[in-house]
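Dear colleague,

I am passing on a structure that I would like you to look through. Please open it first, and then read the notes that follow.

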Amino acid sequence: MTHLDKKSVWLFLCGGSIGKLIALYLIIVLLSLIPVIKMFNMSIESITVMNIVAITGVPLIVFVVGFIAMYAWSYLTYKFYLYEFTETEFKKEYGVITKTYRSIPYKHMQDVSIHRSLLARLLGLSELHIQT
């Protein structure tokens, strides 16, 4: 069986998880600003760049650790995704924790389409969708 192209790790990573991580980071930063402003009785005008850096340090570490964890998960997803075109069927197996095995005989395929998102086109990749 064959692995996907190594660049597909970036598709797995950007398939929604990176946006969620950025949103989580922004929420953590905003929520961490509220108690600090109240604790020091600061007005919005008195917040400096240095205060923001001091406040956002922990969320930034959480963001970096989260990004590394998501990249590791994306790499494992790539590593455990295998496919094969045989003489009679298309086979694929995927899954990190639970494995799924699919075997689709060519005679059962109704439609084969290729999808290419902007990121996939930049990476020179395509998604193959098979209808049975």
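**The nonpolar patch**

Helix H3 gives the most to the nonpolar patch, with four residues. Please keep in mind that this is a predicted model, in which local features need pLDDT of at least 70 and side-chain atom pairs count only at pLDDT 80 or more, while totals for chains, interfaces and linings use all residues. Residues are numbered from 1 along each chain as its sequence is written, and side-chain values use heavy atoms, with hydrogens and water left out.

The patch covers about 700 Å² of surface and is made by Trp-10, Tyr-71, Trp-73, Tyr-75, Leu-76, Phe-80 and Ile-97. Patches take residues with over 30% relative accessible area and no salt bridge, joining nonpolar side chains (Val, Leu, Ile, Met, Phe, Trp, Tyr) within 5 Å and like charges within 9 Å; a salt bridge is a side-chain nitrogen of Lys or Arg within 4 Å of a carboxyl oxygen of Asp or Glu. Accessible areas come from the Shrake-Rupley method with a 1.4 Å probe, and for residues only the protein chains shown count as cover. Tyr-75 is found in helix H3, and at 37% relative accessibility it counts as partly exposed (buried means under 20%, exposed over 50%, partly exposed in between, with a 1.4 Å probe and protein chains only).

**The sheet**

Four strands form an open antiparallel sheet in the order S1-S2-S3-S4, whose edge strands, S1 (2-3) and S4 (100-105), each pair on one side only. Helices (H or I, at least four residues) and strands (E, at least two) are DSSP runs numbered from the N terminus, and two strands pair if DSSP finds at least two bridges between them. Strand S2 (residues 82-85) and strand S3 (residues 89-94) pair over four bridges in the antiparallel sense, and Glu-84 has Lys-91 in S3 as its bridge partner.

**The aromatic rings**

A search of the whole structure finds six aromatic pairs (rings of Phe, Tyr and Trp, the last by its six-membered ring, with centres within 6.5 Å; planes under 30 degrees apart count as stacked, over 60 as edge-to-face and the rest as tilted). One of them is the tilted pair of Phe-12 and Tyr-81, at 6.3 Å centre to centre and 40° between the planes. Because Phe-12 lies in helix H1 (residues 8-14) and Tyr-81 in the loop between helix H3 (49-79) and S2, this pair ties together parts that are 69 residues apart in sequence. Phe-12 is partly exposed at 28% relative accessibility, whereas Tyr-81 is buried at 19%. Phe-12, Tyr-81 and Tyr-94 form one aromatic cluster.

With best wishes
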